[in-house]
Amino acid sequence: MDNRKRPFDGGLSPDESFKTPEKKVSAVRLQDSDYMQWGVEETCRYLRREDLGEFEDTFRGWFSGLVRLCCVFCQVFNDPIHGHVELHPLLIKIIDTPQFQRLRNLKQLGGTYLVFPGACHNRFEHSIGVGHLAGRLVQALNERQPELLISRRDILCVQIAGLCHDLGHGPFSHMFDGMFIPRARPGISWKHETASLAMFDYLVNDNGLKKEMEHHGLVLPEDLDFIKEQIAGPQGSEAWPYKGRREEKSFLYEIVANKRNGIDVDKWDYFARDCYHLGIQNNFDYRRFLKFARVCDVEGQKHICTRDKEVGNLYDMFHTRNCLHRRAYQHKVGHIIEIMITEAFLKADKHIPLTGSGGKSFTLSTAIDDMVAYTKLTDYVFEQILNSSSDDLKEARQILQNIVYRRLYKCLGQTQAEKPITVNQILDLSFFFRSYSKTSQCVCWLLTEMSVLFFIHWPFLASYMAAIYSSPFLNSALKINHALFFIFQVSKLLPEQFTEQHIRAYCKKTDKKSLDAAKKQFVQWCMDMNFSKPQDGDIIAPELTPLKKSWSSTNEWEHGGISSQGRSASANGQEKAKTKLFK
């Protein structure tokens, strides 16, 4: 066996003789090597070798900012809707400010919480959810289409916009900017997005976050403009009205608040979150939308689109929104409660001081002019009025006590017009209404001689036109409309648009005499305006209905033939229809 072994050379030990040479790697890769693997030193040496040394310092600064964007330690939130959510350290800095923490005390659904016991969630968790979903959508687009050149700056700005989009909401959310401010200060045009921009500026400046933003690679003021433009939309009328990003990145403005078709992550979060807390089924799956989302050219501009086969999923989204409005957002008792809270706030407006910047005092309605004072304005004002002992707040306190004891205004009924109508059309025909005021979602009149308050309320559920692409054509898309249903094999049973308009009337007085008179007046008004039969019309005024041919539910009317009994009934109905209840 020893003869078979090869002799050692030069007296070297076996370990030294058979040692494999180490692989030597050049400190600097060759010029024809893979430049995608270069580090910062290799790139700088290449710049010097090509007589581009003057750009070395610029590159080092850019690279260090990129490293800060990449090498971050995210904080994890356990959200009941989205599970474990990781947020960038800069987002945590924003969350840990008094301006953002204020959202913990603003109910997401306002007065709806006083109808649905589970609707106790706040703007705080909704904002975190929107920031999370904004990051997921923009990252999905970046991974699927690297040619879009979405930078980490873009991703971080979109996340910040999603996180801060609701900073400007007031007490009881949409009630404050939709009902209270228009009546307290009718001479101004104000909405919560306006306050969101002002609050965001105040948050950044008050907490010294500009240096923190620059430390994480943002470029100011360009990125600040980009964040605010995503929240409030375009501020100019130019061909390209944005300053934060150029037109080739127009799709980034469709993530947080989509002004083009309303399909955005804000809705995705509140659909899922509101349905969860309200106990309503959510049929829309945003995770599936993320799988098929793609940026395509639509009429010469880049838009976020989805696959043609996902049209059904989009209809589920519209259906969910319609369902939430009908069953929760426009619930008649919830709306009555918000009307009563609005009246209480109006009576308490000047008697609740809020200290703002420079020690100046503001009221509930003027706090929107100063973010220091506005930061202190939350849902707590309800308890402040309710538990007060001041004589100045006596009337407001009584209204809120009526809410607590469930002594609420009454709904007279709900009706619809054959075609959508405008405010002016109602004013022209509503001859018995004496005074008039308008808010964003509600128009109200006061019938002074009866001290009965009528609120005519109509929410619009807008129609949306989404852009879709088919599998063979990934980079171009078409706007879907009813004419394309046959091409994309969409069911003809699906509606072309989700638009609904209804009109309600509410009565402040709850005694039987006033309530009966108001109900009959509302039925008479619906007759005069040729509106649909009010819901519960037979209960409202059984001696008046059916008064019209279109209000009758008998088979004789439906089939066009009228028996002798039907003719007799119709004659009586026609005669009653001509009788005015109030002359």
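User: Which residues does Tyr276 touch, not counting residues up to four places away in sequence?

Analyst: Setting aside residues up to four places away in sequence, Tyr276 touches Pro80 and Ile81. Please keep in mind that this is a predicted model. A contact here means heavy atoms within 4.5 Å. Pro80 is 196 residues away from Tyr276 along the chain, yet their C-alpha atoms are separated by 9.0 Å.

User: Where is Tyr276 found, and is it buried or exposed?

Analyst: Tyr276 is found in helix H12, which covers residues 265–278. To judge exposure, compare the relative accessible area with the cut-offs: buried is under 20% and exposed is over 50%. Tyr276 has a value of 52%, so it counts as exposed.

User: Now the backbone. Which residues other than glycine have a positive phi?

Analyst: Look at Phe172 and Ser173. Phi of Phe172 is near 60°, and phi of Ser173 is near 55°. Phe172 lies in the loop between helix H7 (152–164) and helix H8 (174–184), and Ser173 lies in the loop between H7 and H8 too.

User: What about omega: is the peptide bond from Leu220 to Pro221 cis or trans?

Analyst: The bond from Leu220 to Pro221 is cis, with omega near 5°. To place it in the model, find Pro221 in the loop between helix H10 (209–215) and helix H11 (222–232).

User: How do I describe two helices that pack together?

Analyst: Use the angle between their axes and the distance between the axes. As a case, take H8 and helix H15 (residues 332–348), whose axes come within 10 Å and cross at roughly 40°. Angles under 35 degrees count as roughly parallel, and 65 to 115 as roughly perpendicular. H8 and H15 are therefore oblique to each other. Their crossing is right-handed.

User: Which residues make the contact of H8 with H15?

Analyst: On the H8 side, they are Met175, Met179, Phe180, Arg183 and Ala184. H15 brings His335, Glu338, Ile339, Ile341, Thr342, Glu343, Phe345 and Leu346. Sorted by class, the contact has 8 nonpolar, 2 polar and 3 charged residues.

User: How many Å should H15 span, and how many residues of H15 are buried?

Analyst: H15 has 17 residues, so at 1.5 Å a residue it should span 24 Å; its end C-alpha atoms are 24 Å apart, which agrees. As for burial, 13 of its 17 residues are buried, and H15 is mostly covered.

Methods: Residues are numbered from 1 along each chain as its sequence is written. This is a predicted model: local features need pLDDT of at least 70, side-chain atom pairs count only at pLDDT 80 or more; totals for chains, interfaces and linings use all residues. Side-chain values use heavy atoms; hydrogens and water are left out. Helices (H or I, at least four residues) and strands (E, at least two) are DSSP runs, numbered from the N terminus. Buried means under 20% relative accessible area, exposed over 50%, partly exposed in between (1.4 Å probe, protein chains only). Axes are lines fitted to C-alpha atoms, for helices over the stretch in contact, and angles run from 0 to 180 degrees between N-to-C directions. Angles under 35 degrees count as roughly parallel, over 145 as roughly antiparallel, 65 to 115 as roughly perpendicular and the rest as oblique. A crossing is left-handed if the near helix is turned anticlockwise from the far one by less than a right angle, and right-handed if clockwise. Ala, Val, Leu, Ile, Met, Phe, Trp, Tyr, Cys and Pro count as nonpolar, Asp, Glu, Lys and Arg as charged, and the others, Gly among them, as polar. The expected span of a helix is 1.5 Å times one less than its number of residues.
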